[in-house]
Amino acid sequence: MRTGRIGLVAPVALLALVAGCAYLPDPPPPVPSSVVPSAAPVPTAASDDSQLSPDGFDAAQRMAVRIRNIGCGALSTGSGFALDAHTLVTNRHVVADSAELQLSTYDGRDVAAEAASTAALADLAVVRTVDELPTAPVLADADPQVGDPVTVVGYPSGRQLTVTDGRVVAAVTDPLHVNLGQVLVTDAPVEPGSSGSAALDAEGRVIGVVYAKNADDMSFVVPVSTLRAMLDDDTAFAPAPTCG
Amino acid sequence: MTGPNGPSPDPGQHREDPPVSSPTAPLPTGWAGPAAPHTGPAPDPTEPGPPARRSSRATVVLALVLVGVLIASGVLGWRLWTTTRAWEESAAGWEQLARTHGEDLAQAQAELEATVGELDATRVQLDTAQARITALADEKAQLGDTTAAQQQLADYQQRVSQAAGQVATALANCIDGQERLIGYLQDTAAYDAADLARFRSDVERVCGAATDANASLQSELSR
């Protein structure tokens, strides 16, 4: 009886031992020489939000153009911005009655002007250039809403290139009666000489062209919708009047 | 119904009663003699062996089981030992790898900090350079404005000088003509009246040109 019990327990014990061996973890795999991934992950920072340029200036500064209007016995300055490699946009009154237009970029490089054209229905003008302009912005698809941020890049008083910020305060009928439709009112500081400056939204897209200011330091902007309408109309621009 | 305690015969199998003497009972001294007297019928070969044979068989089985257990234990121990060694070596390898990467990480972090410091310094330099470029561009623009203004002033002065010269010349011609006309008028009998009238007209035209030149000069001066 006891022998039979032992004979029964012994195989079970052996089976349990063998099973225990079977449940032991397998030997570890060989240790690799390196666990550094072959393809390093691309850092998420500094990809889209940084607007790197060859010289550290951002796109808003690189597209700005200073305009010197040498008239017949008069000299004035204004601002403009590149529309493409050989075209810039400014105000009609900036290039009007000129004998010669002299252009310079944010870094002081001179750009030869070829011809200027002015719009009859808005205080807008386009100037064709012989030399290539550094960079051109993107025009916004629609006008900004009241309260939207706005950045103005230009040469106030004909001095250093300046970037000022503000917000769209209102959309009103042009008090100067030089533009059809409504114009934008912003609280971004501008000065004489800022005329023709690009007004940009938070994404750096052009939302308008500065053309005036009032005594309350409010700046007036030709909206991008008007600019687009003028640019799309082949008959909107005519050669600018000169004094020469 | 309850009977006395003790083994009871297997109801399913008939067995012969065991002999009176037990194999484990002490034998009498000097007993080595003949086989025990036959006290019963001869055992059936199919029946279990006597207790002594079963005991020795159990001992053999138990010994075999123990040997098997020892062998299995040895195998298991060997496997445990080799597996443990392998994991120890693996752990040591991973630790070495971790230390290597830790050193690399520490070095990379140190280099990163140094690079970030250099980047900050470079940014400061870049900001300074940008400000300088902007200032130089402004200086150049102001010089251009000044040059353009001076050129306009020079042009203006040239126009004024030219106008003044024209005024002076016209006035001189006018004065000369008027003086000559006065001389002719003092001796009108010596000259043809028609010629005098034509000369008077010429003098008036010259003086009118002088007046126009003077008006132009005044216009330039008023600009």
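# Close-up views of a predicted two-chain model

Chain B holds two helices and zero strands. Helices (H or I, at least four residues) and strands (E, at least two) are DSSP runs, numbered from the N terminus. This is a predicted model, in which local features need pLDDT of at least 70, side-chain atom pairs count only at pLDDT 80 or more, and totals for chains, interfaces and linings use all residues. Residues are numbered from 1 along each chain as its sequence is written, while chains are lettered from A and ligands numbered from 1 in the order in which they are written.

**View 1. Chain B on its own.** Of the 223 residues in chain B, 4% are buried. Buried means that 20 or more other C-beta atoms, placed from the backbone, lie within 10 Å of the residue's own. Take the contacts in chain B between residues at least 6 apart in sequence: 76% of them join residues at least 24 apart. Two residues are in contact if their C-beta atoms, placed from the backbone, lie within 7 Å.

**View 2. Where chain A meets chain B.** Here 34 residues of chain A contact 39 residues of chain B. On the chain A side, α1 (2–23), β1 (64–70), β2 (75–84) and β4 (100–105) each give two or more residues. The largest share, 11 residues, comes from α1(A). This side of chain A divides into 18 nonpolar, 11 polar and five charged residues. Ala, Val, Leu, Ile, Met, Phe, Trp, Tyr, Cys and Pro count as nonpolar, Asp, Glu, Lys and Arg as charged, and the others, Gly among them, as polar.

**View 3. A six-stranded barrel in chain A.** The strands close in the order β7-β8-β9-β12-β11-β10, with antiparallel pairing. Neighbouring strands are turned by 45 degrees against each other on average, direction ignored. β7 (149–154) and β10 (198–200) of chain A pair over three bridges; two strands pair if DSSP finds at least two bridges between them. A:Val153 stands opposite A:Ala198 of β10(A). Helix α4 (224–232) of chain A lies across β11 (206–213) and β12 (219–223), at about 40 degrees to β12(A). Axes are lines fitted to C-alpha atoms, for helices over the stretch in contact, and angles run from 0 to 180 degrees between N-to-C directions.

**View 4. Strand β5(A) and its partners.** β5 (110–119) of chain A pairs antiparallel with β4(A) over three bridges. A:Ser104 faces A:Asp110 across this pair. The two strands form a hairpin with four residues between them, and A:Gly108 in the turn has a positive phi of about 90 degrees. Five bridges join β5(A) to antiparallel β6 (125–129). This hairpin has five residues between its strands. A:Ala113 has A:Thr129 as its bridge partner. β5(A) is also joined to β13 (237–239) by three antiparallel bridges, with A:Thr118 opposite A:Ala238.

**View 5. The nonpolar cores.** The largest core has 56 residues; A:Val65, A:Leu88, A:Leu124, A:Ala125, A:Ala199 and A:Val209 have the most contacts inside it. A nonpolar core is a set of buried Ala, Val, Leu, Ile, Met, Phe, Trp, Tyr and Cys residues joined through C-beta atoms within 7 Å. β11(A) gives the largest share, six residues. At least three residues come from each of domain 1 (59–135 + 232–239) and domain 2 (149–225) of chain A, with bounds from an automatic or database domain assignment. Another core, of seven residues, lies apart and includes B:Val167 and B:Leu217.

Key: Buried ≥ 20, exposed ≤ 12 C-beta atoms within 10 Å, placed from the backbone.
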